[in-house]
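Subject: Structure handover

Hello,

I am passing on the structure we spoke about. Please keep it open while you read the notes below.

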Amino acid sequence: MKQSEFLNLVMPFKDKLYRMAKRLLVSREEAEDATQEILLKLWSKNDAMAKYNNVEAFAMTMTKNFCLDRLKSKQASNLKLVHSNYSDERTSLQKQLEAEDSVDWVERIMEELPEQQKMVLQLRDVEQYDFEEICELLDMKNTAVRVALSRARKTVREKLIEKHNYGIG
C-alpha cells in the first residue's frame, strides 16, 4: 500500500483514535503520543491491512489495548491531568463557563464509571458507533453492550441530577 492510499484510509478516523486515547489516558499529551504510536503501528502493518474487514475497528481496538497497557505500566504514575480549554468568541463568558463546567462534570462522572461502561458510553454517545461495531470492538454480546450503556447513562444522569439539585428535592 502506498503512502497516499494509507493516508486516505486512516486519516478519516484518526480523530476518533485520539478521542478514545484521551478518554482513557486523560492527558492530552499522552493521548497524542498514543495516537501517533498507533498510526506508526498501522503503517508498519500496511501490507497486511487489505485482509482486515474493518480497518477502523482494528485501529480502535489497537488504541484501546495500547492505552490500557500504558495505564498498567509503570509510566501510569507519571500521567498528568491536563484539560483542554474550549473557547468560542460567539458565546458569552457565562455560557462558556457553564458549558465547560458541565463537560467537566460529565468527564468526572465518566471517569468514575467501571471500565466497560466507560468504553461503551464513549463509543456509543461520543464516537457515535453502532451497537454492532461496539460489540465487535469490545468483543461483547449485543445485550451486554446495551445493559452497560443503560447503566452508564443512568449513573451519569443520577449524578448530574444530584449535583444540580444540591441535595434539594
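This is a predicted model: local features need pLDDT of at least 70, side-chain atom pairs count only at pLDDT 80 or more; totals for chains, interfaces and linings use all residues.

Residues are numbered from 1 along each chain as its sequence is written, and side-chain values use heavy atoms, with hydrogens and water left out.

Salt bridges

The structure holds ten salt bridges; the term stands for a side-chain nitrogen of Lys or Arg within 4 Å of a carboxyl oxygen of Asp or Glu. One of them joins arginine 70 to glutamate 30, with the closest N and O atoms 2.6 Å apart. This pair links distant parts of the chain, since arginine 70 sits in helix H4 (residues 55–72) and glutamate 30 in helix H3, 40 residues apart. Helices here are DSSP runs (H or I, at least four residues), numbered from the N terminus. Glutamate 30 counts as buried at 16% relative accessibility, whereas arginine 70 is partly exposed at 22%. For these words, buried means under 20% relative accessible area, exposed over 50%, and partly exposed in between (1.4 Å probe, protein chains only). The areas come from the Shrake-Rupley method with a 1.4 Å probe, and for residues only the protein chains shown count as cover.

Lysine 118 and glutamate 111 also meet through their side chains in a salt bridge, at 3.5 Å from N to O. Lysine 118 is buried at 7% relative accessibility, and glutamate 111 is partly exposed at 32%.

Glutamate 112 forms a salt bridge with lysine 159, the closest N and O atoms being 3.6 Å apart. Glutamate 112 belongs to helix H5 (residues 93–112) and lysine 159 to helix H8 (residues 142–165), so this pair ties together parts that are 47 residues apart in sequence. At 56% relative accessibility glutamate 112 is exposed, while lysine 159 is partly exposed at 35%. Shared partners also join Arg23, Glu111, Glu115 and Lys118 into one network of salt bridges.

A patch of negative charge

On the surface, Glu29, Glu32, Asp33 and Glu37 gather in a patch of negative charge. Patches are made of residues with over 30% relative accessible area and no salt bridge, like charges being joined within 9 Å. Asp and Glu count as negative, and the place of the charge is taken as CG of Asp or CD of Glu. Aspartate 33 is in helix H3 (residues 28–44) and is partly exposed at 39% relative accessibility.

Methionine 119 lies in helix H6 (residues 115–126) and is buried, with a relative accessible area of 3%. Leaving aside neighbours within four places in sequence, methionine 119 is in contact (heavy atoms within 4.5 Å) with Met20, Leu24, Lys64 and Leu138. Methionine 119 and leucine 149 are 30 residues apart in sequence, and their C-alpha atoms are 9.0 Å apart.

Arginine 124 is in helix H6 as well, and is partly exposed with a relative accessible area of 25%. Again setting aside neighbours within four places in sequence, the contacts of arginine 124 include Tyr129, Asp130, Phe131 and Arg153. Isoleucine 134 is ten residues from arginine 124 in sequence and 7.5 Å from it, C-alpha to C-alpha.

Regards

Terms used
Helices (H or I, at least four residues) and strands (E, at least two) are DSSP runs, numbered from the N terminus. Patches are made of residues with over 30% relative accessible area and no salt bridge: like charges are joined within 9 Å, nonpolar side chains (Val, Leu, Ile, Met, Phe, Trp, Tyr) within 5 Å.
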